[in-house]
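Welcome! Please take a look at the sequence and the structure below, and then we will walk through them together.

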Amino acid sequence: MYWTDRHSKPACLKERKCIINSTEDRIAVYTGIFGKYDEIHESVWSGENVDFFCISDEETDQQKLKKTRWIDAKTVIPDYITGNKEKNRYIKMHSDQIFAGYRYTLYIDGRVQIVSDVRNLFEKSVTGISCFLHPIRKCIYKEAVACVALGLVSIEQILPQIEEVRRRFAEPA
């Protein structure tokens, strides 16, 4: 689960249109399913000011889904992003562009089904972004090493990201 808080409406990507616009008080709850990896599990719960979306490269059966709106991945993900993991990462990190106009966004993994009110999650963060702690590692640098060791990313891909984290959050000398 991953969520963000918007204090202003950000600009959309130049090559993509923001296709979802809403009022400032609404919450966009979304998932991404690519390459038939998962099946969508529609939320059991629904609430005022909450809209549900599934971003996917395969159209969902809208007759089965009562609360969830399908978004064609091609309309929100740049063409140069072709891998399923990369597509999922992209929608997690660009919800401000995909769901411009929503005050909050909440990413839910495709395997998860919402069964209770999620609105209280947005009251708990002071940073504007939240996610679950890793069950094993509590250090971003150790996580980077593990990601390279597991072959999830190359060292060339992760070093610039880690350097940016170090630059932004390092304690002043």
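## Before we start

A residue is called buried under 20% relative accessible area, exposed over 50%, and partly exposed in between, using a 1.4 Å probe and protein chains only. This is a predicted model, where local features need pLDDT of at least 70, side-chain atom pairs count only at pLDDT 80 or more, and totals for chains, interfaces and linings use all residues. Residues are numbered from 1 along each chain as its sequence is written, and side-chain values use heavy atoms, with hydrogens and water left out.

## A partly exposed lysine

Is K67 buried, partly exposed or exposed? K67 counts as partly exposed because its relative accessibility is 32%. You will find K67 in the loop between β3 and β4 (68-72).

Which residues does K67 touch, if we skip those up to four places away in sequence? They are E42, S43, V44, W45, S46 and F52, where contact means heavy atoms within 4.5 Å. Take S46: it sits 21 residues from K67 along the chain, yet 7.8 Å separates their C-alpha atoms.

## The overall plan

The chain has four helices and six strands. Both are DSSP runs numbered from the N terminus: helices are H or I with at least four residues, and strands are E with at least two. Starting at the N terminus, the order is β-β-β-β-α-α-β-β-α-α.

Of the 173 residues in the chain, 38% count as buried. Looking at contacts between residues at least 6 apart in sequence, 66% join residues at least 24 apart.

## The nonpolar cores

A nonpolar core is a set of buried Ala, Val, Leu, Ile, Met, Phe, Trp, Tyr and Cys residues joined through side-chain atoms within 4.5 Å. The largest one here has 16 residues, and Y30, F53, I55, I77, I91 and F99 have the most contacts inside it. At least two of its residues come from each of β2 (27-33), β3 (50-56) and α1 (84-93).

## Pockets and cavities

Both kinds of space are found on a 1 Å grid over the protein atoms alone: a cavity is a set of points where a 1.4 Å probe fits but cannot get out, a pocket is an open set with protein on both sides within 12 Å along at least five of seven lines, and lining residues have an atom within 4 Å of a point. Grid points are joined across faces, edges and corners, and a volume is the space filled by probe spheres set on the points. The largest pocket has a volume of about 2700 Å³. Among its 46 lining residues, R89, K92, M93, C131 and E143 are the closest to its centre. Two or more lining residues come from each of β2, α1, β6 (129-131), α3 (140-149) and α4 (155-169). The second largest pocket holds about 350 Å³, and D38, E39, I40, T60 and D61 lie nearest its centre, out of 14 lining residues.

There are also two cavities of 30 Å³ or more. The largest cavity has a volume of about 130 Å³; of the 15 residues lining it, T31, I40, H41, S43 and F52 are closest to its centre. β2 gives the largest share of this lining, three residues.
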